[in-house]
Amino acid sequence: MAHINHNYLKLPGSYLFSEVARRIRAYSEAHPDREIIKLSIGDVTRPLAPAVIQALHAAVEEQAQAETFHGYGPEQGYDFLRCAIVEQDFRARGVEIDKDEIFISDGAKSDCGNIGDIFSADNVVAVCDPVYPVYVDTNAMAGRAGDYDARRGGWSRIVYMPTTAENGFVPALPDKTVDLVYLCSPSNPTGTALNRAQLQTWVDWANEHDAVILFDAAYEAFITQDDVPHSIYEVEGAKTCAIEFRSFSKTAGFTGTRCGYAVVPKALVRDGASLNALWNRHQTTKFNGTSYIVQRGAAAVYTSEGQRQIRADIDYYRSNAQTIKAGLTEAGLEAFGADNSPYVWAKTPGNLGSWEFFDLLLDRANVAVTPGAGFGPSGEGYIRMTGFGDAEDTRRAVERIRSVLEHL
Ligand code: MLT
């Protein structure tokens with residue numbers, strides 16, 4: 001008889017964004033006349049940059065000819081993309097990363113979810129609270145999370161590090177044994193970022209405790225402040241304690257095209273084993289590489305045209321986030337994020353719970369947001385809104401919310 005992985009049975013009913021989508025769908029079906037503006041899931045709305053489209057077309061043509069056709073590619077990614085990344089994402093910022101430390105993938109979600117495969121199931125995992133649910137749910141699937149407490153909205157073995165308005169959204173170093181720490185900066189969901197000194201504290205702590213930091217930099221392109229590092233490797237000592245995840249999803253509109261990468265430094269060793277070698281073994285065994293066509297599209301992001309074009313989109317989204325933050329603040333809500341991020345994190349009015357405020361906004365403003373409680377226990381009493389929508393829709397959504405808040 002086949003037995004299942006019982007850890008799956010401990011997971012909450014559905015993944016956060018599936019649950020949000022289900023509720024929006026149910027509401028729309030019940031009220032077909034209402035126009036819902038969705039500022040919930042962080043999905044981009046601008047089309048791919050012309051430079052990317054051109055590169056994708058050219059690569060499709062290459063696949064049409066025997067002389068230029070590409071079959072299986074290197075599982076770690078093509079050199080043309082790895083070298084562009086080395087030069088522009090790292091060397092340009094004064095960071096030396098070897099191309100063999102870059103592993104191209106189909107996105108940061110898969111990498112963040114799969115990286116746990118190279119770590120022992122006994123490791124104790126710490127996450128910021130609130131947190132991108134993928135980190136927690138994938139550790140739960142691997143048996144590292146213990147049991148789910150539905151009342152608290154948290155797992156028994158996961159160490160939650162509250163990041164709230166009260167501590168300036170900076171997680172405190174753990175006061176108990178922790179082996180793996182997920183940090184996301186700029187943060188999904190709070191939209192806040194860790195500065196150089198704060199990241200240095202974490203890197204020093206990880207090196208001292210032989211812990212590993214899993215650093216999600218999917219939103220680095222939105223950083224505007226000089227003292228906020230784009231990569232954890234800008235911080236001294238990070239190569240011996242950190243793995244970094246990057247994504248083209250939010251940077252270049254690849255949510256539906258799929259491309260990202262992980263950086264696993266060769267200097268990162270635990271239990272006497274190279275994590276770079278383990279991840280290489282993982283990828284060569286479980287992954288056959290991101291498609292050639294998509295990697296050509298991603299490489300076009302690094303051309304001067306591509307950079308100019310994606311920068312315009314990033315500014316557009318960040319400006320939407322600023323519109324949301326300003327509108328909510330003027331309406332009397334406490335709002336955070338948006339300066340280095342496409343996300344706005346706002347306190348609910350009065351004592352409304354996250355899901356209560358979600359339902360209220362959906363019903364009265366016909367605006368969909370993401371309830372903060374879905375990101376962890378400390379997310380209760382907050383909502384997250386995204387700047388990835390259309391600018392005019394965003395402006396209308398903010399107007400609608402303001403009008404609802406005036407009549408509360
Ligand atoms: C989000 O809304 O948090 C993200 O779009 C989800 C993701 O990147 O998987």
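**Ground rules.** I am working on a predicted model, where local features need pLDDT of at least 70, side-chain atom pairs count only at pLDDT 80 or more, and totals for chains, interfaces and linings use all residues. Residues are numbered from 1 along each chain as its sequence is written, and side-chain values use heavy atoms, with hydrogens and water left out.

**Domain interface.** I looked up contacts, meaning heavy atoms within 4.5 Å. I found 37 residues of domain 1 in contact with 51 residues of domain 2. Next I took buried area, the accessible area (1.4 Å probe) that two parts lose on being put together, summed over both. The two domains bury about 3,500 Å² between them, with 59% of it on carbon and sulfur atoms.

I counted 2 salt bridges between domain 1 and domain 2. A salt bridge is a side-chain nitrogen of Lys or Arg within 4 Å of a carboxyl oxygen of Asp or Glu. I also noted the salt bridge between the side chains of Glu 166 and Lys 347, at 3.4 Å, N to O.

**Lys 347 again.** Lys 347 also forms a salt bridge with Glu 334, with the closest N and O atoms 3.8 Å apart. Lys 347 lies in strand β14 (residues 343–347) and Glu 334 in the loop between α10 (304–330) and β13 (335–337), so this pair ties together parts that are 13 residues apart in sequence. Helices (H or I, at least four residues) and strands (E, at least two) are DSSP runs, numbered from the N terminus. I checked accessibility: Lys 347 is partly exposed at 21%, and Glu 334 is partly exposed at 43%. Buried means under 20% relative accessible area, exposed over 50%, partly exposed in between (1.4 Å probe, protein chains only).

**Salt bridges overall.** My search of the whole structure gave 30 salt bridges. One network links Asp 79, Arg 82, Asp 98, Lys 99, Asp 100 and Lys 266. Within it, Lys 266 pairs with Asp 100, the closest N and O atoms being 3.8 Å apart. Lys 266 sits in the loop between β10 (260–263) and β11 (269–270) and Asp 100 in the loop between α3 (79–90) and β2 (102–105), so the pair ties together parts 166 residues apart in sequence.
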